[in-house]
Amino acid sequence: MVTLELKDLHFSYNGIKALAGVNLSMRGGDLVGLVGPNGSGKSTLLKNLDRIIVPKKGKVLLDGKDLSSMKRREIARRIGYVPQSSVNLFSKTVFDTVLMGRIPHGSWAPTRSDLRKVSDIIVEFGLQDLSGRGLNSLSGGEKQKVIIARAVAQEPEIVLLDEPTSSLDLANQIDVMELIKTQTEKGILAVMAVHDLNLALRYCDRFVLLKAGKVVANGDSDALSRTVLEDVYEIKAKVLGNGKEKVFVPLSRR
Amino acid sequence: MKKDEGSDPLEAYQKEAYRKWAFLAITFILLIIAVLVSLSIGSSDLTIMEAFKGLIGRGDEVSETIVRNIRLPRVVTAIIAGAGLAAAGATMQTVLRNPIGSPVTLGISQAAAFGAAFAVVVLGAGTVHSGMVDAVVNDNIYLVSLCAFAASMISTGVIVLLARFKRASPESMILTGVAMGSLATAGTTAMEYFADDVQLSSIIFWTFGDMGRTGWEEVFLMLAVTLPALIYFTWNGWRYNALDSGDETAKSLGVNTERLRLLGMGTASLVTALIISFVGIIGFIGLVVPHIVRKVIGTDQRFLLPASALAGAVLLLISDTVARTIISPVVLPVGILTSFIGAPLFIYLVVRGKEHW
């Protein structure tokens, strides 16, 4: 199983601190929910994990190997990334979009086996009727599934997802979460930034709660206690149920 | 989730790919026809068969001289210029993340015009003679071309250098390009203000664009730069697809976005600058041919780039052939024709074609 370790990770945007010494350790098969208020550093952390942006200090170790010593292509063969929004210039078809997941494995053009793999993933994701459609013409839910399919086509050991359900209706949220869950059941590590705590509580195996670029809580759903959440979000709240059935109800600002 | 509906995605994809190959094949055949037609018509008309025989060295002496020495360099120039400008335009639109990316957006055309004006006014390359057949001919075309090319490359160099400081962001490239273009236009206007009548007409006629200025030496030079560039663009087509999906996505797919963008920009600018410096400013091809092709075969850059090159070659060759024959013996500036033929076609496709951006 793959392991991902973060050691004293720091990042800042033009001098403004976004990550202030993050230490974490994650392993394959887990769905890790990255939670915390706006600006707490969730997206920044994900981008550092894929070297889309480069940490100012600290290390990310993939199976013990420093990410900074790896080529971008090599990283792309092992880590897939699903961005928060996908605005395309010259919209590609669904097939071409998923096919891009094979770029890290190929040279200038996809092979016959690349095409077969992509076709299978499109069927697995139930997207075959949309295969020839342009990405920009799809609904939010459909688009998100396509982007996740592209990440899966990379055949990665780790998938990073930046709020994959934020603009989706309830049914599509469940669809997308089930797709992600299917991947982690195959042994993939999925790290997902998410705002909807209840959705996270329902699906994630582990939680990392961030505030101002620091890890405040890290563990299973018990780590997200009422007092910790009230403190981090600066609100009053109620917590009902336990484990996967745990529900967090925000009541008012503190 | 639906699992059993719809056809096999791979089958559908391959059917679509055959359609794209068919477009490439048809455009290639069109190009061959356009070449033969273009070689056969002119002040002394030949039949297509005579032109073909002249081309392969089986014709009589007169037809061979006309075809090989007079018309062929012009035809090959139009093919190289059309292919280079269109493929470079398609690449610029992707690396700049801008559907109106073109040599004009980056100020390359304006810089070339300034270079030409500088050569004419300051370096005295402005003696011209005018005739019915050749319109205006500049007597020192090498100096003018060299200055046009140098000015374009200096302007591009400034854009690339500044972009490097800004991590090659498309916004910084476009904004610097617009500023450099404006600077070059101001420089050209200043040159024109101080130019005499002969120099002024020389500058203006240079900017019109003309396929008849090149001999075999210039043709081979253009080919030596344009052909490797076309191969480079097509080689990177798949990665350009990723770039169209945004820098974050492209990086996460293992693409070195900064390098791909700077090299793409640099190569596209080099090709464009070289072509413009030899044939003058040909508007429209670099901007619109890629859009026309996208409307027909879609946005996959692996097909788009070679298809744009072929379509650009066909459009420029037809335009040039019409330009030199429509009111013969007067040769119309080809840029007028490229716009007259291409603009209505483009508007039709904007209205009727698929939406891609």
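The model on screen is a predicted one, in which local features need pLDDT of at least 70 and side-chain atom pairs count only at pLDDT 80 or more, while totals for chains, interfaces and linings use all residues. Residues are numbered from 1 along each chain as its sequence is written, and chains are lettered from A and ligands numbered from 1 in the order in which they are written. Helices (H or I, at least four residues) and strands (E, at least two) are DSSP runs, numbered from the N terminus.

Two packed helices are described by the angle between their axes and the distance between the axes.

To display the contact, select B:Leu315, B:Leu316, B:Ile318, B:Ser319, B:Asp320, B:Val322 and B:Ala323 in α13(B), which meet B:Val334, B:Leu337, B:Thr338, B:Ile341 and B:Gly342 in α14(B). Residues are in contact if their C-beta atoms, placed from the backbone, lie within 7 Å. This contact divides into eight nonpolar, three polar and one charged residues, where Ala, Val, Leu, Ile, Met, Phe, Trp, Tyr, Cys and Pro count as nonpolar, Asp, Glu, Lys and Arg as charged, and the others, Gly among them, as polar.

**Second stop: α1 of chain B**

Within α1(B), centre the view on B:Thr27. Is B:Thr27 buried or exposed? With 22 C-beta neighbours inside 10 Å, B:Thr27 counts as buried; a residue is buried if 20 or more other C-beta atoms lie within 10 Å of its own, exposed if 12 or fewer, and partly exposed in between. Leaving aside residues up to four places away in sequence, B:Thr27 touches B:Ala307, B:Leu310, B:Ala311 and B:Val314.

Next select helix α4 (residues 108-121) of chain B, in which 14 of the 14 residues are buried, so α4(B) is largely enclosed by the rest of the structure. The axes of α4(B) and helix α5 (residues 141-165) of chain B come within 7 Å and cross at roughly 140°, which makes α4(B) oblique to α5(B). The crossing is right-handed. The α4(B) side of the contact includes B:Phe114, B:Gly115 and B:Phe118, and the α5(B) side includes B:Cys147, B:Phe149 and B:Ser152. By class, there are 15 nonpolar, four polar and no charged residues.

Now show both chains, in which 34 residues of chain A are in contact with 35 residues of chain B. Which element gives the most to the side of chain A that touches chain B? It is α4(A), with five residues. By class, that side of chain A has 17 nonpolar, ten polar and seven charged residues.

In α4(A), the residues A:Lys117, A:Val118, A:Ser119, A:Ile121 and A:Ile122 are buried, and what covers the buried residues includes α3 and α5 (140-153) of chain A together with α1 of chain B. Just after α4(A), A:Gly126 takes a positive phi of about 70°.

**Last stop: two glutamates of chain A**

Finish with A:Glu163, in the loop between β7 (158-162) and α6 (170-185) of chain A, where phi is near 45°, a positive value in a residue other than glycine. With 21 C-beta neighbours inside 10 Å, A:Glu163 counts as buried. A:Glu234, in the loop between α8 (226-233) and β11 (235-240) of chain A, has a positive phi of about 55° although it is not a glycine, but with 10 C-beta neighbours inside 10 Å it counts as exposed.

Terms used
Two residues are in contact if their C-beta atoms, placed from the backbone, lie within 7 Å. Axes are lines fitted to C-alpha atoms, for helices over the stretch in contact, and angles run from 0 to 180 degrees between N-to-C directions. Angles under 35 degrees count as roughly parallel, over 145 as roughly antiparallel, 65 to 115 as roughly perpendicular and the rest as oblique. A crossing is left-handed if the near helix is turned anticlockwise from the far one by less than a right angle, and right-handed if clockwise.
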